[in-house]
Amino acid sequence: MEKIIILDFGSQTTQLIGRRVRELDMFCEIVPYNKFPHDDPDVIGVILSGSPFSVYDERAFKVDLSNIRGRLPILGICYGAQFMAHTGGGKVEPAGSREYGRANLAAFDHDSPLLQGLDDHTQVWMSHGDTITQLPDHCHKIASTDKVEFAAYQFDNERVWGVQFHPEVFHTVQGTQLLKNFVVDICGGHQTWSPASFVETTVAELKEQIGNDRVILGLSGGVDSSVCAMLLHRAIGPNLTCIFVDHGLLRKNEFQNVMRDYEGLGLNVIGVDASEKFFRELEGVTEPERKRKIIGAGFIDVFNAEAQKITDAKWLAQGTIYPDRIESLSITGMVIKSHHNVGGLPEKMHLKLCEPLKWLFKDEVRRVGRQLGMPEHLITRHPFPGPGLAVRILGDITREKVRVLQEADDIFIQGLRDWKVKLSGEDARKVLAAGVPANMTNGEIEVSLYDQTWQAGVILLPIKSVGVMGDERTYERAVALRAVTSTDAMTADWAHLPYEFMAKVSNDIINKVKGVNRVCYDISSKPPATIEWE
Ligand code: XMP
């Protein structure tokens, strides 16, 4: 399958480049800067990412492009552009002031294949401390802004370009057009990577790979494991057995609702109510990491015990997705690879691992889910931590506290789903770019607050405070509402929810949830705070 290779020089936006290329229905892979797959005949073009380093930094990542240049088209972005200018004999120097933020292309070469279809003065996003002050010989400028003379350039008679702005970020308004020019027109990509083609080829591959074997899969209610299950179901039908463990710390009625959804989709699911075990083991435990450990270990015990009853199973399927596997570069230049824990089951039961989503970004998983006909509420479900409400109850955990929190959480989440807002202009574009399903009419879209937020929930605080209800003085619990916007949970901002909405939710919680008389809203961003409180 034809592909674009993105060489990662450690920029925070490297994954975004990958997502943008995939949105063009082009397959791409992100690899560390020094791991170009020279033997792969399917590569049709190369993109060099940005980097946290200056080209002069001793720690700067350097790569020899001589085996690639002349053979494949190259697009250098930011550091990628500066690196090629610097190593080609040009000059890169610290910019007078850091060139950061919005800029407009003041002039550009309308005949350049890279810039076809761009509007005059189109907005781009800059973010660099160095700037190119002189191009190498045999190189020409193709765009500049008011402040940045060599905003984009090309090597003469070579299919090699550099742009100092970031076409992958949302604020570069026509960034997708530029990437399309590169990927499709310059590299000759056929744009055949689509959810439909993915489903078709993956189902065929799974049939081939698995044959008549039995497969076990752990469902969590989340998007990844659900889509994984649906793909396998399409490939092998009843030979897939799913296990869904209820640790008693899910949202209100979630176990029953999710079981119903799964059964409605035709999946063969074993639901295990193990809440008794978890409440017993968590009794009196207050330390967050201990809670996590107990729940993690307990989960594996319950899952494994159930899985071992399926004695003829040959495979364990997992909803691992691409960002879980990308080898990312740390600031020290070390390659970090995240490992996922499958609890030793594959070795113990001699199971083979099957990870059909391992090439997909999160937004692609959702698109595949839609392609498979899954209901929208399963696809757009917010992330939810594995240890569930245990990390949202500060202090020890009891069934009663879980009940109080479930009630408050349900009011908040249902409220977010019901409250619709109209957006236009840049706000609407941003929401659509994040993959929220909404139709534009008369320049406006209508979305729920739920779809506008990345994640939301309620936290039960370990304090009581005085209140008054009717003629009675109360002394009851306080809860905190948490809602954030984010693209990857690595950073997050608190969601700026409308005051009228918060007033309604606060009233509803205090009036309907026995035991709560005070509601606060968490206005901390990540960093320095985290999304969860524990
Ligand atoms: P933090 O709180 O670190 O969370 O900002 C980032 C994202 O990860 C989720 N999260 C977890 N997910 N097990 C999980 O499966 C955990 O122990 C865990 N802790 C945090 C959190 O909900 C957010 O989406």
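A crossing of two helices is right-handed if the near helix is turned clockwise from the far one by less than a right angle. Keep that in mind as you move around this predicted model.

**Stop 1: helices H4 and H5**

On the H4 side, pick Phe198, Val199, Thr202, Val203, Leu206, Lys207 and Ile210; on the H5 side, pick Leu231, Leu232, Arg234, Ala235 and Ile236. If you colour this contact of H4 with H5 by class, you will find 9 nonpolar residues, 1 polar and 2 charged.

**Stop 2: Gly221**

Is Gly221 buried or exposed? Its relative accessible area is 2%, so Gly221 is buried.

Which residues does Gly221 touch, leaving aside those up to four places away in sequence? Select Ser226, Phe244, Val258, Tyr262, Leu378 and Arg381 to see them. For a sense of distance, draw a line from the C-alpha atom of Gly221 to that of Phe182: the two residues are 39 residues apart along the chain, and these atoms are separated by 39 Å.

**Stop 3: two cysteines**

Next, select Cys228 and Cys242. Both are hidden from the surface: Cys228 is buried, with a relative accessible area of 0%, and Cys242 is buried too, at 0% relative accessibility.

How many disulfides does the whole structure hold? A search finds 0. To follow the reasoning, recall that a disulfide needs two cysteine sulfur atoms within 2.5 Å. The closest cysteine sulfur to that of Cys228 is in Cys354, 6.3 Å away, so the pair is too far apart for a bond. For Cys242, the closest cysteine sulfur is the one in Cys228, and at 8.6 Å that is also too far for a bond.

**Stop 4: helices H7 and H8**

Move on to helix H7, residues 275–282, and helix H8, residues 288–307. They pack at an angle of about 150°, with axes 10 Å apart. H7 and H8 are therefore roughly antiparallel to each other, and H7 passes H8 in a right-handed crossing.

From H7, show Lys277, Phe278, Glu281 and Leu282; from H8, show Lys291, Ile294, Ile295, Gly298, Phe299, Asp301 and Val302, which complete the contact. By class, this contact of H7 with H8 has 6 nonpolar, 1 polar and 4 charged residues.

**Stop 5: helices H13 and H16**

For the last stop, select helix H13, residues 399–418, together with helix H16, residues 499–512. Their axes are 9 Å apart and the packing angle is about 150°, so H13 is roughly antiparallel to H16. H13 passes H16 in a right-handed crossing.

Where do they meet? In H13, look at Ala408, Ile411, Phe412, Gly415 and Leu416; facing them in contact are Phe501, Val505, Asp508, Ile509 and Lys512 in H16. The contact of H13 with H16 divides into 7 nonpolar residues, 1 polar and 2 charged.

How values were computed:
Residues numbered from 1 in each chain as written. Predicted model: local features only at pLDDT ≥ 70, side-chain atom pairs only at ≥ 80, totals over all residues. Heavy atoms only, no water. Buried < 20%, exposed > 50% of the residue type's maximum accessible area, 1.4 Å probe, protein only. Axes fitted to C-alpha atoms, helices over the stretch in contact; angles between N-to-C directions. Helix = DSSP H or I, 4+ residues; strand = E, 2+ residues; numbered from the N terminus. Parallel < 35°, antiparallel > 145°, perpendicular 65-115°, else oblique. Contact = heavy atoms within 4.5 Å. Nonpolar A, V, L, I, M, F, W, Y, C, P; charged D, E, K, R; others polar.
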